[in-house]
Each structure stands twice: as structure tokens, then as C-alpha cells.
Amino acid sequence: MTPRTATLIGLTAILMWSLLSVMTVATGKIPAFQLAAMTFAIGGLVGLLTWIGRSEAAKSLRQPLVVWAVGVGGLFGYHALYFLALRFAPPAEAGLLNYLWPLLIVLFSSFLPGERLAMHHIIGAVLGLVGTVLLFAGNTTGFAPGTIPGLIAAFIAAFVWATYSVLSRRLKAVPTDAVAGFCLATALLAALMHGALETTVWPETTLQWLAVLALGIGPVGAAFYAWDIGMKRGDIRVLGAASYATPLLSTGFLIAAGFAKASANIAIAAILIAGGGLIAAKDMVLRKR
């Protein structure tokens, strides 16, 4: 697999994650950790289904403890912190702090062997950050008492996901099949958190059940496998900068579904984020054939 192909596969994860908000709304009032347990279980099963006919795939679970710590710590740690952030802080502020992770991925990539951080990567990531700030700017309401723990959780979550993503590159020898095990372990931990903190609420309609299934197959399933491929074999700097498209695309899908309204801020943010992504991906887009 060429780096270009791996990068394109990684970009599909960004597209799938942009559907996360609208699909989550469609699931109804299922508690956060319960939804995580259900969808990560489905996501893990999606990975196991790809093992059919490949008996050697199960060997991918035989990994050192540090690999499991990175995999499960990244998936469960990030989502636990993000859910905590949404519980204590307003979604706009929490989302803004959380979306520091694309910039952090671009910056952290400079510490990887053989990777070189060029000026256009930094410019692209910063433009994406400015666009994301503008995207959330109309929704911010200031800091209210009691929101600080949630804001801190969102900030730490950004570092957790960026670290997980960059360390995936360092663990390049670990096959993507292992992500199925990380998803199932995350589902188990989320179920334990749900049992300790939440009251079970099952989907009430067929549409809600289908939304849960779609979440598990796509944004909380295939997306993690695609991201793993992109991080391990693609251009990590391009993927980091392009990740800023996630909140923009997510907002677009919410507008299309009638859950949000279009605005000038969104239009300008679209230009900044798209422009930043193209600048960061200059090497890939303009590569001589």
C-alpha cells in the first residue's frame, strides 16, 4: 500500500466521524457510556467479521501490554474524557478545546523518525484551527461556574487522541486487525462505567436502533480501522490538518438534517478549513506523476 492510498483511506475516517453528531442525535436519549458500549461492541464485531477466512488475523491480539495500553487508552481514554467534558461544560466550548487535537497531531508528527514538519503543514493546521474557532465562535457563552472540570477534560482529551494517533505510527508493526480487540475492550470498560454511573435507556424506535447500528459500523467502527491505516502508512501531517474538516462537515450534515442553521461564520470557516487542508496536503496534491 502506497502512502497516498493510505492517506486517502485515513481521510474516509474524517468523513465518517463527521456523521457522528447527526447519527448520535438520531439514537434518542441513550446515556453516553451505554451508547459507547453498544457502538464499540458493534465496531469490534465489524473488525472480527473481516477475519473470516484469515486464520492468522487472531494472532494480531497477541501484543505486548504497552500496545494494549496505547490502543485501549486512546480509544476509551479519549471518549471517557470527552463524555465527561460534555457533561460539565457547554458543547461549544468543549468542542473547541477538543479540536486542538488536529493541530497537536501535526506538531507531534515532527518527533517521528523520518518525518519533517514543513512550513506549509504548520500554516495549514493553523488555518484549520482559526476556521474551527470561527465555527464555534457564535455559540460560545463564556465560562460559567462548574464548567472548569469539563473544559479541563476536553483539553486533556485532545492530547490523548493526538498522542494515540502519533504513537500508532511508532507502532507501525502492529496490524490494524488488533483494533478490533481495542474496540471490544473499550466496549467492556464503557459498559462498566455505564453500570456505575448511568441508568439504562434502550432505543424506542426502529430508526433509533438503526442509528445505533450505523454508528457502530461507521463512525465508531470502520472509521477507527481506516484511521489506523492512515496513521501508520499515510501522511500523518496531511491527515492531522484535514481533520479540521470534521466539525465543519458535521455542522453541514446537521444543517441538512434540520438540526442547525447556516450562517456567514460557517461559510468563512469552510473557506479557511478547506484552504488549510489543501495547503497542508500540497505535497500530495501537487506531486509529480
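**Salt bridges in the chain**

Tutor: D177 and R54 form a salt bridge, with 2.9 Å between the closest N and O atoms; the term stands for a side-chain nitrogen of Lys or Arg within 4 Å of a carboxyl oxygen of Asp or Glu. This pair links distant parts of the chain, 123 residues apart: D177 lies in the loop between helix 8 (148-170) and helix 9 (178-197), and R54 in the loop between helix 3 (32-49) and helix 4 (65-88). Helices (H or I, at least four residues) and strands (E, at least two) are DSSP runs, numbered from the N terminus. D177 is buried at a relative accessible area of 17%, whereas R54, at 27%, is partly exposed. Buried means under 20% relative accessible area, exposed over 50%, and partly exposed in between (1.4 Å probe, protein chains only).

The model is predicted: local features need pLDDT of at least 70, side-chain atom pairs count only at pLDDT 80 or more, and totals for chains, interfaces and linings use all residues. Residues are numbered from 1 along each chain as its sequence is written, and side-chain values use heavy atoms, with hydrogens and water left out.

The whole structure contains three salt bridges. Another of them joins K232 to D228, at 3.0 Å from N to O. These two residues sit four apart in helix 10 (residues 206-233), so about one helical turn separates them. K232 and D228 are both buried. R237 pairs with D235 in a further salt bridge, where the closest N and O atoms are 3.1 Å apart. Here too both partners, R237 and D235, are buried. In general, side chains of opposite charge can pair when their charged atoms come close.

As for the setting of these pairs, the chain has 14 helices and zero strands. Of its 289 residues, 48% count as buried.

I156 is partly exposed, with a relative accessible area of 39%. Together with I148, I152, F155 and F159, I156 forms a nonpolar patch on the surface, with about 420 Å² of accessible area. Such a patch takes residues with over 30% relative accessible area and no salt bridge, nonpolar side chains (Val, Leu, Ile, Met, Phe, Trp, Tyr) being joined within 5 Å and like charges within 9 Å. Accessible areas come from the Shrake-Rupley method with a 1.4 Å probe; for residues, only the protein chains shown count as cover.
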